[in-house]
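Take a look at the structure below.

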Amino acid sequence: MKQILFKHLAVALLALLPLSLMAMPKGITMSHSGEMNTILQFEPTSRYLILPIEEAAPEAYIRIVVDGVQVGTFNARLAADSIDYVVPFDMQPYMGMNIVLDIHFPLYHYNKKHPYNKSVVCPDRRKFICWDEMQLSDRFVVHNKEQWRSTYHHTPLYGWMNDPNGMYYDALTGLWHLYYQFNPYGSRWGNMNWGHCISADLIHWTEQGVAVGADALGTIFSGSCVIDKRGDAGFGKNAVIALYTGADQSQKQSMAYSVDGGKTFRKYALNPVLCDTIADFRDPKVIWNAKRGCWTMVLACQQEMRFYSSSDLKSWTYDSRFGEGYGNHGGVWECPDFIEMPVEGKNESKWVLLCNINPGGPFGGSATQYFVGDWDGTTFTCMDSKKEQKWLDYGKDHYATVTWHNAPQNRVVALGWMSNWQYANEVPTKQFRSQNTIARDLSLYVDDKGEYRVGVRPSVEVMRAKGESVRTLGAEAIVEVKCPAGKSNTVITLENDKGEKVVMTYNFKKKTFSMDRHKSGRVSFSKQFPATTTVPLFMNQDTYTLTLFIDRCSIEAFDGNGAWSMTNLVFPTKPYNKVSVSNGDYTIYKLKL
Ligand code: FRU
């Protein structure tokens with residue numbers, strides 16, 4: 001009997017021991033509860049709790065509890081064996097309160113191969129490295145030092161980014177607002193909400209923090225903003241109204257509004273504003289419908305776009321749908337945009353429906369297709385042949401492209417997410433993942449065959465960053481190439497000292513331009529990354545001009561006449577420092593940053 005008692009006592013003491021040995025920051029009490037639940041209790045004494053992340057670890061589900069009430073949740077890949085980077089848990093809203101982080105590790109993930117076999121031993125979470133390295137701090141340091149961190153493309157300071165969202169131009173302040181799909185708790189997709197940044201020149205961006213955060217109706221997926229000049233929604237004149245998708249088990253459209261110039265948003269109390277029974281029901285793009293004097297919402301619904309209208313931005317009526325039988329249907333239609341554009345050299349305008357699609361892109365994975373047609377304010381009538389597939393960009397890394405609301409001089413200024421869902425989560429950066437394209441101005445022209453096409457040019461703001469010409473290529477540069485259309489091809493090569501190279505070819509016989517990144521540097525992180533992308537030369541010319549925007553991990557090629565663009569990521573282990581052009585001239589320009 002005595003022996004049994006002793007044994008129980010020893011087991012109880014042993015169970016307590018690891019707790020007292022843990023190196024948690026002072027003031028935080030940690031308790032391990034049940035099989036996979038760990039609880040941290042503390043009063044925040046500094047702004048951030050720094051969380052160590054291991055990308056290979058499964059996501060732990062974390063509930064933030066204040067006074068017994070769950071005030072938020074997020075997922076984080078808390079480091080078990082090794083630390084890839086850290087992320088901050090911002091405790092500003094909880095200062096002066098007691099806070100409980102209720103962490104649930106996903107048992108089934110650790111037991112992936114034998115999810116229901118209880119005899120498989122899970123790692124002992126009490127020994128996870130995250131507990132040793134968690135820190136309370138008033139500072140979260142973002143060293144902008146990773147070799148593939150773009151210098152003149154927008155990147156998130158840290159964490160994951162995908163689609164640009166809610167972009168609008170504020171004519172009073174001259175600021176371009178850019179919101180974006182953001183995960184502040186890791187550099188892989190998850191915990192979606194809208195990050196926010198502003199720019200006066202479309203090159204330098206100032207981060208503003210999370211603008212629209214997840215709530216009890218779900219995480220915040222993509223959407224758009226409009227300036228409600230008349231106050232139709234009831235939140236005052238010039239309120240900024242965001243329509244976005246709330247995503248949990250279902251996808252539904254919700255509204256948030258800002259009365260402080262887009263900095264902070266409040267949710268509309270009677271969200272959601274639009275529901276349906278279909279699973280893929282998202283990414284509302286709202287525009288002013290001048291034909292009917294109301295608002296129109298275009299929504300991506302599986303493989304079609306639906307149109308709804310409203311007088312107050314809250315109550316939406318179904319108008320029409322478009323998509324069946326048209327264009328590419330290799331994947332889900334996402335992130336629409338709908339723009340009226342004048343046709344260059346003609347006295348007419350047409351409507352362009354942007355339709356991001358994933359997968360189904362011409363080179364695999366994600367891409368932006370578009371349709372040209374007419375709109376009577378209710379129904380879109382496409383003038384393209386049903387078989388025609390038109391792409392806004394002919395590279396592999398151009399997705400979720402949408403345009404700025406209220407851009408000056410009626411310009412159509414677009415921005416795309418410079419990645420591809422095939423490997424976006426795998427690209428070899430760490431503290432952040434993904435970057436946006438440079439801003440581009442869209443136009444509409446008629447090509448040699450009489451086909452209406454969307455033209456693409458680097459925005460004037462970006463061109464202003466073009467500095468003096470230099471002799472050697474640097475990690476960021478603009479390269480202009482001029483070559484005669486001849487019998488032989490023109491080959492343009494960017495190369496570094498390690499022999500890593502990108503080879504671009506004008507094939508005048510086939511009338512194509514292509515970019516080959518098979519040997520561009522680091523390519524092995526995904527089988528789908530090595531690729532050659534090709535665009536038809538839509539306009540016959542005697543001399544072709546090409547503008548290349550080179551940054552730390554990207555090449556954007558623009559036809560000098562705005563006929564097409566091609567956007568590809570590259571990860572050279574050293575920057576390309578040589579250019580050669582087999583048949584033609586080139587000039588290298590520095591960037592004034
Ligand atoms: C497109 C997309 C959108 C969705 C968002 C979620 O890349 O899938 O359809 O709203 O990403 O992050």
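What follows covers one asparagine and the ligand site.

## Asparagine 162

This is a predicted model. Asparagine 162 sits in strand 9, which spans residues 159–170. Is Asparagine 162 buried or exposed? Its relative accessible area is 3%. Buried means under 20%, so Asparagine 162 counts as buried.

Which residues does asparagine 162 touch, leaving aside those up to four places away in sequence? They are Tyr180, Gln181, Trp189, Met192, Trp417 and Trp421. The side chain of asparagine 162 also makes a polar contact of 2.9 Å with the side chain of aspartate 163.

## Polar atoms at the ligand

For aspartate 163, a polar side-chain atom is 2.7 Å from a ligand oxygen atom. For glutamate 334, a polar side-chain atom lies 2.9 Å from a ligand oxygen atom. Serine 222 takes part through its backbone: a polar atom there is 3.1 Å from an oxygen atom of the ligand.

The ligand alone exposes 320 Å². The protein buries 95% of that area.

## The shell around the ligand

Asn162 and Asp163 both belong to the residues around the ligand.

How does the shell divide by class? It holds 5 nonpolar, 3 polar and 4 charged residues.

Definitions and conventions: Residues are numbered from 1 along each chain as its sequence is written. This is a predicted model: local features need pLDDT of at least 70, side-chain atom pairs count only at pLDDT 80 or more; totals for chains, interfaces and linings use all residues. Side-chain values use heavy atoms; hydrogens and water are left out. Helices (H or I, at least four residues) and strands (E, at least two) are DSSP runs, numbered from the N terminus. Buried means under 20% relative accessible area, exposed over 50%, partly exposed in between (1.4 Å probe, protein chains only). A polar contact is a pair of N or O atoms within 3.5 Å; within protein, one must be able to donate a hydrogen and the other to accept it, and residues adjacent in sequence count only if both atoms are side-chain atoms. Contact means heavy atoms within 4.5 Å. A residue is near a molecule or strand if one of its heavy atoms lies within 4 Å of it. Accessible areas come from the Shrake-Rupley method with a 1.4 Å probe; for residues, only the protein chains shown count as cover. Ala, Val, Leu, Ile, Met, Phe, Trp, Tyr, Cys and Pro count as nonpolar, Asp, Glu, Lys and Arg as charged, and the others, Gly among them, as polar.
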